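Trainee: I would like to learn how to read salt bridges and strand pairing in a model. Please show me the case first.

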Amino acid sequence: MQAAARDTLIGLAGRAPILAGADVLTFVDIDSMLRRVYGKQKQGIGFGHAKVGGYNVYLRGYNPLVATLSTPLSAPVIAATRLRAGNAGSARGAARMIAEAITTARSCGAGGEIVVRADSAFYAKTVIGTCRRRNVRFSVTCRIDAKIRASCDSITDDQWIDIRYPQAVWDEDAGRWISDAQVAETTYTAFAGTRDQVTARLIVRRIRRDDPAQVPGQEELIPTYRYHAVFTDSPYTLVQAEAQHRGHAIIEQVNADLIAGPLAHLPSGRFSANDAWLTCAAIAHNLTRTAGHLAAGAYATARPATIRTRLVTVAAGLCTGLAPSTCTCPSTGPGKRRSTTCSPPSTPHPAEHARTS
């Protein structure tokens with residue numbers, strides 16, 4: 001079924017502009033999510049880590065892994081899915097899925113730069129090694145450990161560039177909206193001392209850590225900052241590469257659409273059946289996204305729920321919404337009572353004609 005889903009996406013890309021601009025730049029995003037289930041009868045469930053309301057909790061469920069394809073001109077489509085046990089680590093099987101997604105992207109016409117984006121859970125030598133072997137770029141968030149913090153502190157004050165977000169971003173750690181920050185970059189060697197060590201750019205974004213109890217006009221003598229680091233070999237400028245990495249959050253919208261739709265309930269107690277359900281959900285997402293592109297306009301980037309409400313549901317409701325005199329519904333067949341809302345067919349059914357004659 002996963003092979004069928006991949007072939008379906010390739011076929012759709014050849015018939016509709018679902019990946020417009022892929023000949024210049026394509027993003028491959030990968031992320032995992034924890035889908036909570038109730039009861040203990042489902043195969044493969046386990047306790048996994050999740051954040052609910054800002055708190056770290058452990059919930060029983062599955063841990064699906066999703067990879068998407070998108071461009072600066074098009075909304076994301078799902079390239080690959082994999083259902084895992086609830087206690088699986090985020091990076092488990094990620095390297096193989098990234099390789100599969102890259103192959104699918106190239107089959108869909110991605111002839112330009114391909115950038116793989118991921119969060120800190122996928123900061124692993126297997127993930128970055130797969131990107132380098134496949135000749136694609138990577139942009140992965142780093143965990144702020146002692147070595148990363150030392151590299152961030154080594155950046156001088158004159159290297160920082162002020163940036164402003166087009167829309168304010170909610171900062172969970174500070175509990176406030178953030179619209180201003182500073183970015184800079186340095187060189188960093190990841191996995192030093194191993195055969196998999198990689199030297200690339202370390203793009204750092206810092207936000208001033210303000211004391212909520214301070215008196216206005218009496219700032220700290222020495223300001224402190226919180227750092228967000230991205231390890232990347234992106235060929236773009238500092239501001240472009242940093243903004244592109246923040247665009248990785250677009251996969252959260254895909255996860256939200258799946259959770260609000262087919263993944264609201266995983267129906268079977270068998271693990272393989274639920275994995276097939278996840279694959280069918282990916283096919284349905286891509287078909288819905290294609291319908292939006294064919295409708296053009298704002299539907300090309302609208303949420304799948306909007307496309308279903310305004311396009312798919314409208315077509316399904318045309319039959320029941322027409323007047324009886326103009327209804328074109330076929331006959332209900334011999335021996336069955338016709339619907340009171342439908343007009344009889346223009347010609348009698350052959351079986352009925354034979355019976356009356």
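Trainee: Is Arg 164 buried or exposed?

Mentor: Buried means under 20% relative accessible area, exposed over 50%, and partly exposed in between (1.4 Å probe, protein chains only). Arg 164 is exposed, at a relative accessible area of 60%. This is a predicted model: local features need pLDDT of at least 70, side-chain atom pairs count only at pLDDT 80 or more, and totals for chains, interfaces and linings use all residues. Residues are numbered from 1 along each chain as its sequence is written, and side-chain values use heavy atoms, with hydrogens and water left out.

Trainee: Which side chain meets Arg 164 in a salt bridge?

Mentor: A salt bridge is a side-chain nitrogen of Lys or Arg within 4 Å of a carboxyl oxygen of Asp or Glu. Here Arg 164 meets Asp 180, at 2.7 Å from N to O. Arg 164 is in strand 9 (residues 161-171) and Asp 180 in strand 10 (residues 176-190), so the pair ties together parts 16 residues apart in sequence. Strands (E, at least two residues) and helices (H or I, at least four) are DSSP runs, numbered from the N terminus. Asp 180 is partly exposed, at 42% relative accessibility.

Trainee: Which residue forms a salt bridge with Glu 185?

Mentor: Arg 201 does, at 2.8 Å from N to O. Arg 201 sits in strand 11 (residues 198-208) and Glu 185 in strand 10, so this pair ties together parts 16 residues apart in sequence. Arg 201 is buried at 17%; Glu 185 is partly exposed at 27%.

Trainee: Which residues do salt bridges with shared partners join into one network?

Mentor: Arg 6, Arg 82 and Glu 100. A search of the whole structure finds nine salt bridges.

Trainee: How far apart are the closest N and O atoms of Arg 137 and Glu 113?

Mentor: They are 3.5 Å apart, and the two residues form a salt bridge. The pair links distant parts of the chain, 24 residues apart: Arg 137 is in strand 8 (residues 137-141), Glu 113 in strand 7 (residues 113-118).

Trainee: Now strand pairing. How many bridges join strand 5 to strand 6?

Mentor: Two strands pair if DSSP finds at least two bridges between them. Six bridges join strand 5 (residues 65-71) to strand 6, and the strands run antiparallel. They form a hairpin with two residues between them. Thr 71 has Ser 74 in strand 6 as its bridge partner.

Trainee: How many residues of strand 6 are buried?

Mentor: Nine of its nine residues, in a run covering residues 74-82. Across the 357 residues of the protein, 41% count as buried.
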